Amino acid sequence: MNVSTPVEACPRTIGERFDLDAAWAVHPQVAVRPEPFGALLYHFGTRQLSFLKDRRLLTVVQALADHPTAADACRASGVGSAELIRYQAALAKLAESQMVTARTGSARRSDAHRQGEEAG
């Protein structure tokens, strides 16, 4: 799994800033394009590009909008409890870069997110 993090940053410290018990979704301005190595995420608002180098992280990101919490999306994607801290850290980095955002109410997948999936 690779969402660029500084070498000195500990996954536990980064992950502590991401609430696994909250509802999350891909940001409405982000398109997700699956690739053989993982995926490309492009934020149309910030013009930032992120690479996911882990297919399971892609599965988690795609599952966020379909589950009540990020932890549920991780479990549904096959992330075991021993791996959860690494995925929490990766999701924290995606939240910091506004690729994923906290979900309120019954918000579901955005049109940009769906378009990115269909293009892949």
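This is a predicted model: local features need pLDDT of at least 70, side-chain atom pairs count only at pLDDT 80 or more; totals for chains, interfaces and linings use all residues.
Student: How do you know how confident the predictor was in the chain as a whole?

Tutor: Look at the pLDDT, which runs from 0 to 100. Its mean over the chain is 82, and 73% of the residues reach 70 or more. One is residues 4–11, with 7 contacts beyond four places in sequence. The other is residues 106–120, where the model has 27 contacts beyond near neighbours in sequence.

Student: And what makes up the secondary structure?

Tutor: There are 5 helices and 5 strands. Read from the N terminus, the order is α-β-β-β-β-α-α-α-β-α.

Student: What makes β2 and β3 a pair?

Tutor: Pairing takes at least two bridges. β2 and β3 have 6 bridges between them and run antiparallel, so they meet that cut-off. They form a hairpin, with 2 residues between the strands. One of the bridges links E35 to G38 in β3.

Student: Why are β2 and β4 called edge strands?

Tutor: The sheet is open, with 3 strands in the order β2-β3-β4 and antiparallel pairing. β2 (30–35) and β4 (48–52) each pair on one side only. From one strand to the next, the twist averages 15 degrees.

Student: Which helix packs on that sheet, and what does it touch?

Tutor: That's α2, residues 55–63, which touches β2, β3 and β4. Its direction makes about 145 degrees with that of β2.

Student: What makes α2 and α4 a packed pair, and how is their crossing described?

Tutor: The axes of α2 and α4 (residues 84–96) are 11 Å apart, and the helices pack at an angle of about 60 degrees. Their crossing is right-handed. R56, L57, V60 and V61 on the α2 side make the contact with Y87, A90, L91 and L94 on the α4 side. A contact here means heavy atoms within 4.5 Å.

Student: What makes R47 stand out?

Tutor: Its phi is near 60 degrees, a positive value in a residue other than glycine. Most residues other than glycine have a negative phi. R47 sits in the loop between β3 and β4.

Student: Why is R47 called exposed?

Tutor: The cut-off for exposed is over 50% relative accessible area. R47 has 67%, so it counts as exposed.

Student: How many of the residues count as buried across the chain?

Tutor: Of the 120 residues, 44% do. The chain exposes about 6300 Å², and carbon and sulfur atoms supply 49% of that.

Student: What share of the contacts reach across at least 24 places in sequence?

Tutor: Taking contacts between residues at least 6 apart in sequence, 66% join residues at least 24 apart.

Methods:
Residues are numbered from 1 along each chain as its sequence is written. Side-chain values use heavy atoms; hydrogens and water are left out. Helices (H or I, at least four residues) and strands (E, at least two) are DSSP runs, numbered from the N terminus. Axes are lines fitted to C-alpha atoms, for helices over the stretch in contact, and angles run from 0 to 180 degrees between N-to-C directions. Buried means under 20% relative accessible area, exposed over 50%, partly exposed in between (1.4 Å probe, protein chains only). Accessible areas come from the Shrake-Rupley method with a 1.4 Å probe; for residues, only the protein chains shown count as cover. A crossing is left-handed if the near helix is turned anticlockwise from the far one by less than a right angle, and right-handed if clockwise.
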